[in-house]
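Subject: Structure for your review

Dear colleague,

Please find below the structure that I am handing over to you, with the sequence alongside. My notes on what was found follow directly after it.

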Amino acid sequence: MKTLIVLNAGTGGQDQAQGRAGQSREHLFPLADTAVFYTAPAQQDPVIQVPPGQTTWQIRVQHVNPETVLDILTERFGEYDLYLFPAGVFGDEVAVRLAARMNGSALVNVAAFEAGVHKVCCKKPVYSGYMQATFELDRFPVCLSLSPKAMPPLQGNGPATGQIREVYETGRALPGHILKQAIEARPSSGDLDAADFLVVGGNGMENRAGAEALKKEADDLGAAFGVSRPAAMGGFAPLHRLIGVSGTLASPRICIAAGVSGAPAFFSGIENSGMIIALNMDSTAPIINKADLAVIGDYRPVTAELARIAREDKKNR
Amino acid sequence: MNILVCFKTVPELERLTREDWVADSHLRVDTGFVTADLNPYDESALEMALRLSDQSGESGTSCTLTALTIGDSSRDPWLKKLYALKFDRAVRLECDADLRFSPEVTARLLAGYIQENRFDVILLGCQGGVGDNGMTPFLLAEYLAWPLISHAVEIRPASGNTLWVKSDADDEFLVQEAGTPLVISIGDSPNSYMRIPTLKDKLEYGRRSIEVLQQKAPETGNGNFCGTLVDLERLDYTRKGHILKGASPRDTAAQLYRIIKENQ
């Protein structure tokens, strides 16, 4: 099955694009070609690893926006059976709209797939992550956005031994409906991605003051601090502190989930934790069964004591 | 500016117990016994439309707000609530098709209604629970041949018939001024819970009748856009769930601290 991986190196995502291109092709999709879109001229060309026998197209455009990418893919890269994108705002949109334009089929946030001769079998979470559905797609081309489970970031680098082809698209400006455009930096999730010890607060924090208090206790414990979606949406903490499907997928050695109900969309963000400790008033909250260890009751006096012990421990060392 | 907000209600899935997560022979899970709530992303879309209307009013221009949902009469209390929040029209498309995993049918139903009416802006959530398809805004833009801004987090009126839109773009935010017509999907937008109508407004505006339009599921041609559902299984994340009991918070914390240190 002729497969193309499409990546957006955009204005700041080169590392991610390189990583996903490298690992994806070498280990997961050995027969796929890759198209990498990036902006010019402010940036250097992305350095892409190319495994033997494979081809990468580096496509330099004035603006990496879905309309431009869709036009280029349909005009120049229309011969593939399977198009793969990393799940996200860009990947989901281009996958679905490309399939619609090419009369194919699509799925987003696919956790696993198997491509046969006449169909592609995909698994993805549904019912807010409580269930996993299996779909069979036989309307080609099939366009999939793959969750980090199916297209993980690369660890390490390798030599470029395949073929790099460059396509320069300098003539395409912004789509007509966009009158002005500016890029605003997104605050980094910072320590969350690589945290070894994580404290996550949920709706149980009740307000911004509750979140600030828990964050201070997390600092005392030497832990990174994140929040669940309801807490982020309620404005208790900035959005870049969000843990879960639409935020950071963390994999700490230890995670304390305080006042978090444990909905699947949140749990995806901590499911790779070594040990999960739940602190919750509600003994029937879903997080209790998903934790290794649980304390039933108000988390506040417990985390306050934990922070105090940590401070004393530090002082005595 | 004529604004249409498309929304859906979703069952409160966290109320289902572990035993409830069983698919029947038609690959359906019975969620009918739990209450439904607004899909969170759609709730943000509804509130953002109300704020756009408020801001337009302050600058001397006017917005006409229409709310639309697809489904049976169980959605009517939500539509009445939107009337009470001063939406100008509340519309329900009645269609008995299983729309859980059919975003193309949903998008075609919406596109059909939009093409018969005049709107400048369509707002809808980027994704909805149950199907979690995350495709309807993209397909709607394609079927209408309208431009799209996806995962908006903030919208304001700009000059004339244009909008200022801040949207999530994976590693950064895009801040754009965009012309209409335009489809905008709403992403994670903090502090966008929908306001609550006053009792006075409920009595004064909430009693208008809802426009109900019977619809047949449109033909989608050669197979389903997102394939055929062949299996549905419960995802199980169960761990030990050992309950730690201490004589006091101090005692519990001391035990926890030891465990943390042993496992760090």
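In strand S3 of chain A, A:Trp57 is the bridge partner of A:Ala35. The two strands concerned, S2 (residues 33–39) and S3 of chain A, run parallel and are joined by six bridges. Strand S3(A) covers residues 55–61 and is mostly covered, with five of its seven residues buried. Please bear in mind throughout that this is a predicted model.

Chain A as a whole has eight helices and 16 strands. Of its 317 residues, 54% count as buried. Among its contacts between residues at least 6 apart in sequence, 64% join residues at least 24 apart.

Ten strands form an open sheet with mixed pairing, in the order S11(A)-S9(B)-S8(B)-S7(B)-S10(B)-S6(B)-S1(B)-S4(B)-S5(B)-S11(B). Its edge strands are S11 of chain A and strand S11 (211–214) of chain B, each of which pairs on one side only. On average, and with direction ignored, neighbouring strands of this sheet are turned by 30° against each other.

The join between the chains in this sheet is made by strand S11 (residues 178–185) of chain A and S9(B), which pair in the antiparallel sense over seven bridges. Within that pairing, A:Ala182 has B:Val175 as its bridge partner. Elsewhere in the sheet, strand S6 (residues 121–125) and strand S10 (residues 182–186) of chain B pair in the parallel sense over five bridges. There, B:Val121 stands opposite B:Leu182.

Two helices of chain B lie across strands of this chain. Helix H1 (residues 40–58) lies across S1, S4, S6, S7 and S10 of chain B, and runs at about 145° to S6(B). Helix H2 (residues 76–84) lies across S4 and S5 of chain B, and runs at about 165° to S5(B).

The contact between the chains

In total, 65 residues of chain B are in contact with 76 residues of chain A. On the chain B side, the elements that give two or more residues are helix H4 (136–144), strands S7 (148–157), S8 (163–169), S9 (172–178), S12 (228–234) and S13 (242–243), and helix H6 (249–263). The largest share of that side, ten residues, comes from H6(B). By type, the residues on the chain B side divide into 31 nonpolar, 19 polar and 15 charged.

Is A:Gly129 buried or exposed? It has 21 other C-beta atoms within 10 Å, and 20 or more are required, so A:Gly129 is buried. Beyond residues up to four places away in sequence, A:Gly129 touches A:Pro264, A:Ala265, A:Ser268 and B:Leu235.

Helix H3 of chain B (residues 103–116) has 14 residues, which at 1.5 Å a residue should span 20 Å; its end C-alpha atoms are 20 Å apart, which agrees. Ten of the 14 residues of H3(B) are buried, including B:Val105, B:Leu109, B:Leu110 and B:Ile114. The buried residues of H3(B) pack against S1, S4, S5, S6 and H4 of chain B.

Helix H4(B) is likewise mostly covered, with seven of its nine residues buried. Among them are B:Phe138, B:Leu139 and B:Leu140. What covers these buried residues includes H3 of chain A, together with H3, S6, S7 and S10 of chain B. Just after H4(B), B:Ala145 takes a positive phi of about 60°.

The nonpolar cores

The largest nonpolar core has 116 residues, of which A:Ala95, A:Ala106, A:Leu144, B:Val5, B:Ile122, B:Leu123 and B:Ile184 touch the most other members. Helix H3 (residues 89–101) of chain A gives the most to this core, with eight residues. Leaving aside neighbours within four places in sequence, A:Ala95 is in contact with A:Tyr83, A:Phe85, A:Ala106, A:Val108, A:Cys143, A:Leu144 and A:Ser145. Another core, of 55 residues, lies apart from the largest one and includes A:Phe225, A:Ile256, A:Ala258 and A:Leu306.

With kind regards

Notes
Residues are numbered from 1 along each chain as its sequence is written. Chains are lettered from A and ligands numbered from 1 in the order in which they are written. This is a predicted model: local features need pLDDT of at least 70, side-chain atom pairs count only at pLDDT 80 or more; totals for chains, interfaces and linings use all residues. Helices (H or I, at least four residues) and strands (E, at least two) are DSSP runs, numbered from the N terminus. A residue is buried if 20 or more other C-beta atoms lie within 10 Å of its own, exposed if 12 or fewer, and partly exposed in between; C-beta atoms are placed from the backbone. Two residues are in contact if their C-beta atoms, placed from the backbone, lie within 7 Å. Ala, Val, Leu, Ile, Met, Phe, Trp, Tyr, Cys and Pro count as nonpolar, Asp, Glu, Lys and Arg as charged, and the others, Gly among them, as polar. Two strands pair if DSSP finds at least two bridges between them. Axes are lines fitted to C-alpha atoms, for helices over the stretch in contact, and angles run from 0 to 180 degrees between N-to-C directions. The expected span of a helix is 1.5 Å times one less than its number of residues. A nonpolar core is a set of buried Ala, Val, Leu, Ile, Met, Phe, Trp, Tyr and Cys residues joined through C-beta atoms within 7 Å.
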